[in-house]
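Biologist: I am new to this structure and would like to go through it with you step by step. Please show it first, and then I will ask my questions.

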Amino acid sequence: MKELWLIRHGETEWNVKKRFQGHLDVPLSPAGIGQAFRLAQRLSRSQLPFHGLYASDLRRARETAEPLAAVLGLPLETTPLLREIDVGALAGLSREEAEVRYPEFIRAAQRDPWHTPRPGGESMADLARRLEAFLETLPPGRHLLVTHGGVIRAALKMALDLEGDAWRRFHIPNTSITRILLPEREVLAVSDSAHLETWADWLSDESVK
């Protein structure tokens with residue numbers, strides 16, 4: 001049995017500005033660094049053993065995974081197979097800019113969001129195939145996978161055998177945890193970000209002193 005703890009990377013400035021990142025190597029924002037450390041603090045208190053720590057080789061995922069490696073004492077392995085979808089020519093654009101420059105892609109993606117490739121990039125189906133290739137190499141155990149929102153949505157689509165565009169409706173916050181059992185394809189948790197809620201409560205308490 002494999003238990004996957006799929007973790008989205010911390011916030012970046014481009015997340016805030018709502019720009020496509022894809023394979024561009026965007027670093028964490030100061031808020032994202034704080035989220036990563038808060039996540040590490042939470043998992044350091046877990047009584048569960050973890051057998052592996054893997055991350056996308058993009059900087060925003062590595063920077064999220066490094067505090068986990070430090071507190072859990074696990075070696076960090078990075079792989080391009082856990083990268084976000086390659087958005088090709090959309091990289092750096094906002095949704096509005098993409099609609100102006102690539103209207104044919106936008107129309108095609110509305111008809112078939114799973115199989116339509118980004119201009120010069122991947123489709124979600126392409127992303128799912130490389131995710132499956134990576135998961136086949138994982139040994140049994142409980143593994144932390146620090147990755148991206150698109151990868152986590154693809155994992156949920158495959159686990160739940162979702163039809164149509166239902167996979168797009170999941171909200172995957174930065175540093176949230178989604179847990180999936182394989183080969184049972186049982187989903188144990190989706191977008192668990194309790195560590196950020198605790199942090200927000202603490203900041204609110206401090207602000208009124």
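Modeller: This is a predicted model, in which local features need pLDDT of at least 70, side-chain atom pairs count only at pLDDT 80 or more, and totals for chains, interfaces and linings use all residues. Residues are numbered from 1 along each chain as its sequence is written, and side-chain values use heavy atoms, with hydrogens and water left out.

Biologist: Which residues touch the most other members of the largest nonpolar core?

Modeller: A nonpolar core is a set of buried Ala, Val, Leu, Ile, Met, Phe, Trp, Tyr and Cys residues joined through side-chain atoms within 4.5 Å, where buried means under 20% relative accessible area, exposed over 50% and partly exposed in between, with a 1.4 Å probe and protein chains only. The largest such core holds 34 residues, and β1 (2-8), α5 (103-111), α6, α7 and β5 (177-182) each give two or more residues to this core. The members that touch the most others are L135 and L145.

Biologist: With what is L135 in contact, leaving aside its neighbours within four places in sequence?

Modeller: Contact means heavy atoms within 4.5 Å. With those neighbours left aside, the residues in contact with L135 are K2, L4, L145 and L182.

Biologist: At what angle do α6 and α7 pack?

Modeller: Helices here are DSSP runs of H or I with at least four residues, and strands are runs of E with at least two, numbered from the N terminus. Axes are lines fitted to C-alpha atoms, for helices over the stretch in contact, and angles run from 0 to 180 degrees between N-to-C directions. The axes of α6 (residues 124-137) and α7 (residues 149-160) are 9 Å apart, and the angle is about 80°.

Biologist: Which peptide bond is cis?

Modeller: Most peptide bonds are trans. The loop between β5 and β6 contains P183, and omega is near 5° in the cis bond that runs from L182 to P183.

Biologist: What is the relative accessible area of R185?

Modeller: R185 belongs to the loop between β5 and β6, and its phi is positive, about 60°, although R185 is not a glycine. This residue is partly exposed, with a relative accessible area of 43%.
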